[in-house]
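Subject: Predicted model for you to look at

Hi,

Here is the model I promised to pass on. Please open it alongside this email, and then read on for my notes.

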Amino acid sequence: MLEMELKRFGIELKHYMPGRVRIGLKNWQFKEETIKKIIEDLSADPDIISIAYTPETATVLIYYNHQAIMQESTQNRWFSFYKKYS
């Protein structure tokens, strides 16, 4: 389910390990202001430790509470940020 949701929002899983994920944002290269707003919102989430966007590769590196990602409520909360801006 998680992978299907990622694809639906144009998010490509580049690399994953517990507590750290790098995602690619397909077709978001020209939406840098929107990406900044999403990152600002996600940074306020209690389960996000840090988040950084690399515009050259259109990727986002996220460090997070690795136990939280298995909770559906956390996944829904995180996807709500993308829904808000897409």
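Below is what I found, going from the whole chain down to single residues.

A word on conventions first. This is a predicted model, in which local features need pLDDT of at least 70 and side-chain atom pairs count only at pLDDT 80 or more, while totals for chains, interfaces and linings use all residues. Residues are numbered from 1 along each chain as its sequence is written, and side-chain values use heavy atoms, with hydrogens and water left out.

**The chain as a whole**

The chain has 3 helices and 4 strands, and from the N terminus its elements follow the order α-β-β-α-β-β-α. Helices (H or I, at least four residues) and strands (E, at least two) are DSSP runs, numbered from the N terminus. The C-alpha trace spans about 30 × 25 × 25 Å along its principal axes. The radius of gyration is 12 Å, which agrees with the value near 12 Å for a compact globule of 86 residues; it is taken over C-alpha atoms, and the globule rule is 2.2 Å times the number of residues to the power 0.38.

Of the 86 residues, 41% count as buried. Buried means under 20% relative accessible area, exposed over 50%, and partly exposed in between (1.4 Å probe, protein chains only). Among contacts with a separation of 6 or more, 52% come from residues 24 or more positions apart, where contact means heavy atoms within 4.5 Å.

**How the strands pair**

Two strands pair if DSSP finds at least two bridges between them. Strand S1 (residues 11-17) and strand S2 (residues 20-25) are antiparallel, with 6 bridges, and Tyr16 stands opposite Val21 in S2. These two strands form a hairpin with 2 residues between them, and Gly19 in the turn has a positive phi of about 90°.

S3 and S4 also run antiparallel, joined by 6 bridges. Here Ala52 stands opposite Leu61 in S4. This hairpin has 4 residues between its strands, and Ala58 in the turn has a positive phi of about 55°. What links S2 to S4? An antiparallel pairing over 5 bridges, in which Arg22 has Leu61 in S4 as its bridge partner.

Thr59 lies in strand S4 (residues 59-64) and is buried at 6% relative accessibility. Its side chain makes a polar contact with that of Arg22 at 3.2 Å. A polar contact is a pair of N or O atoms within 3.5 Å; within protein, one must be able to donate a hydrogen and the other to accept it, and residues adjacent in sequence count only if both atoms are side-chain atoms. Leaving aside neighbours within four places in sequence, the residues in contact with Thr59 include Lys14, Ile23, Ala52 and Tyr53.

Tyr53 sits in strand S3 and counts as buried, with 17% relative accessibility. Not counting residues up to four places away in sequence, Tyr53 touches Leu25, Glu32, Ile35, Ile39, Ala58, Thr59 and Val60.

The structure holds 1 aromatic pair. The ring centres of Tyr64 and Trp78 are 5.8 Å apart and the planes are at 75°, so the pair is edge-to-face. It links distant parts of the chain, with Tyr64 in strand S4 and Trp78 in helix H3 (residues 72-85), 14 residues apart. Rings of Phe, Tyr and Trp (its six-membered ring) pair if their centres lie within 6.5 Å; planes under 30 degrees apart count as stacked, over 60 as edge-to-face and the rest as tilted. Both Tyr64 and Trp78 are buried.

Trp78 is also touched by Asp45, as are Arg77 and Phe81, not counting residues up to four places away in sequence. Asp45 is in the loop between helix H2 (32-43) and strand S3 (48-54). Is Asp45 buried or exposed? Asp45 is buried, with a relative accessible area of 5%, and its side chain reaches the backbone nitrogen of Asp47 at 2.8 Å.

Best wishes
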